[in-house]
Protein chains: 2
Amino acid sequence: MRGVVLHAPGDVRVRELDDPKIIEPTDAIIRVTAACVCGSDLWPYRGVEEVHDQPMGHEYVGVVEEIGSDVTTVKPGQFVVGTFVAADGTCEICRSGFPSSCVDRVFMSEVGTQSERARIPHADGTLVATPGMPDADLIPSLLAASDVLGTGWFGAVAAQAGPGKTVAVVGDGAVGLLAVLAARQLGAEQVIAMSRHRTRQELAVEFGATAIVTERGEEGVAKVKELTGGLGAHSVVEAVGTQQSMRQAIGSTRPGGHVGFVGVSHDVALSGENLFFSQVHLLGGPAPVRRFLPELIDLIWQRKIDPGRVFDLRLPLEEAAEGYKAMDERRATKVLLTI
Amino acid sequence: MRGVVLHAPGDVRVRELDDPKIIEPTDAIIRVTAACVCGSDLWPYRGVEEVHDQPMGHEYVGVVEEIGSDVTTVKPGQFVVGTFVAADGTCEICRSGFPSSCVDRVFMSEVGTQSERARIPHADGTLVATPGMPDADLIPSLLAASDVLGTGWFGAVAAQAGPGKTVAVVGDGAVGLLAVLAARQLGAEQVIAMSRHRTRQELAVEFGATAIVTERGEEGVAKVKELTGGLGAHSVVEAVGTQQSMRQAIGSTRPGGHVGFVGVSHDVALSGENLFFSQVHLLGGPAPVRRFLPELIDLIWQRKIDPGRVFDLRLPLEEAAEGYKAMDERRATKVLLTI
């Protein structure tokens, strides 16, 4: 089969790879309908993480082709959305709502899903079947649920976005934009999107942002405070993962408020003193997407939300290299690969 | 009046100070019955914070002598317990349960309460009257409620200690020991105290600890995991404030679990990556003691808890210097000053 590998930093190739096979009785093999390029794929692409001939991709939707003997919740022929972390669904951590920290988790980025087929470990804890074969226009939104929507949603839930709350979102990538959508869906009264890119601002407003803050760092914090009676937002979603964005997120939150941080942290060191005296609740990490997936699929299936709008570039699998390049150069917010 | 000042690091003196006066109509003046030396008083004592002739102390119980014209909830002659942060009780942050981050807060350590009298700003938001004049044997416990009990209690609440939960407590000072007591009162099933001091271990067991872990650092984390099916505790209270203790606390918590950190952080830098992949809830800061004070006073008044047991040295105010020395040399866990 054809699949994407990162040969070396900056060098994306589409190659002939071995077809995946059932290894464990809990596996499924899916034919991938669409996959995408994630902001987190850019870390190895930019050489921040070492890599050599790494199969890429961890977001995917597709059709089940084969299941292992222990799989009971999906069957061949079904269209499925999968999460970017495979989880057994049965351990105490999964049952407590954190399948992305499952004791037997497998990061799908280690498996690779930017390919014609993929082996999905822990199929029962990882895949959710849609009510039927989706219309073509629903595919991007279902694909978004696999990671960026689920991650933005977790950010908003971790930040306790809800009725009566003012929510600020740091980061205007696909995850940040979908955290705006999530905050509104969860009933937030005000949603402040922090962005300085016009097209992303527009999408944030379409997704429900009630205010845009273009300032960053301390100036951004001051602006959020100005919009919240001097106190800071009740809920802040951090969707970047840098030192500056974390400081901006914590600084924008009122004492007793909640920060949900979902940008994969790189070289971030949080001052204990600052955290102590900020007195904010903090929760982050790889999003437990599986917890939200049935609800997200339902919202998409009923066309109540359209998260697929974050994809602003669609390319066939063979042109994956151009997709990485466009993301890296910020010419695209999010790239969908059709397979 | 007589009062304690820290003349310079390591140099505690009892001096003649000006009698306090009502300044704001929301002030009260109290005659201090008892005060204490806090672990956090040791930071300036050890020269970690700069100081010169600083009035000391922020924990206190006493009798109201005079009130400002706007004070309505306490009156002269009443015995009161006060919190270590004065708060207006009316701002949005106070009403949301975080009076220690009140927009008009005054840290009582800036006022000083190791003295015969003290001015209490925001009396209505800071003082709580007891049902009557307490028996002498209740004074230590009521005094503990002013900070160490309230802080340990907040740590346990922030860590979401409760029925069915396994709670680990890092730190065996007065706050850590009272976090053990709090965790049990809140219904925790198992309480693991991390301590290597025999007398403190014994008090932890009296307060409800079900297991003692003497190991520290990575070994301590491994031991807590061994006691919790390999997963880590549901709830961990951090009551020290160092880099090692914070790492130990976060490492001892299962994914999706809760860390309440109440040790005042000094030179702590938390790795964003570690926090991200730990996927724990984090909440800390100066304890919002006022939120818990009515309940704590009630439990003490009914003799259901005896937090005053943490005081293992009692001295008259004039001997305050010896109290600091005993705490600094770890000859005493917690020192009560009678006035």
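Start in chain A and select helix 12, residues 320–328. Helix 12 lies across strand 1 and strand 2 of chain A, and runs at about 160° to strand 2. Angles here go from 0 to 180 degrees between N-to-C directions, with axes fitted to C-alpha atoms, for helices over the stretch in contact. Helices (H or I, at least four residues) and strands (E, at least two) are DSSP runs, numbered from the N terminus. This is a predicted model: local features need pLDDT of at least 70, side-chain atom pairs count only at pLDDT 80 or more, and totals for chains, interfaces and linings use all residues. Residues count from 1 along each chain as its sequence is written, chains are lettered from A and ligands numbered from 1 in the order written, and side-chain values use heavy atoms, without hydrogens and water.

Next, the strands under discussion. Show the open sheet of three strands in chain A, order 2-1-4, with antiparallel pairing. Strand 2 (11–16) and strand 4 (54–55) stand at the edges with a single partner strand each, so one side of each has no neighbour in the sheet. Strands pair if DSSP finds at least two bridges between them. Strand 1 (residues 2–8) is joined to strand 2 by six bridges. Pick A:L6: its bridge partner in strand 2 is A:V12.

Now go to chain B. Select helix 5 (residues 148–158) and helix 11 (residues 289–301). They pack at an angle of about 110°, with axes 10 Å apart. The two are therefore roughly perpendicular (65 to 115 degrees; under 35 is roughly parallel, over 145 roughly antiparallel, the rest oblique). Show side chains at the contact (heavy atoms within 4.5 Å).

Select B:G217, B:E218, B:V221 and B:K225, which meet B:Q244, B:R247, B:Q248 and B:G251.

Finally, show both chains. A rotation of 180° with 0.0 Å of shift along its axis superposes chain B on chain A (RMSD 0.0 Å). The copies are thus related as by a two-fold rotation axis. The superposition is by least squares on C-alpha atoms of residues with pLDDT of at least 70 in both.
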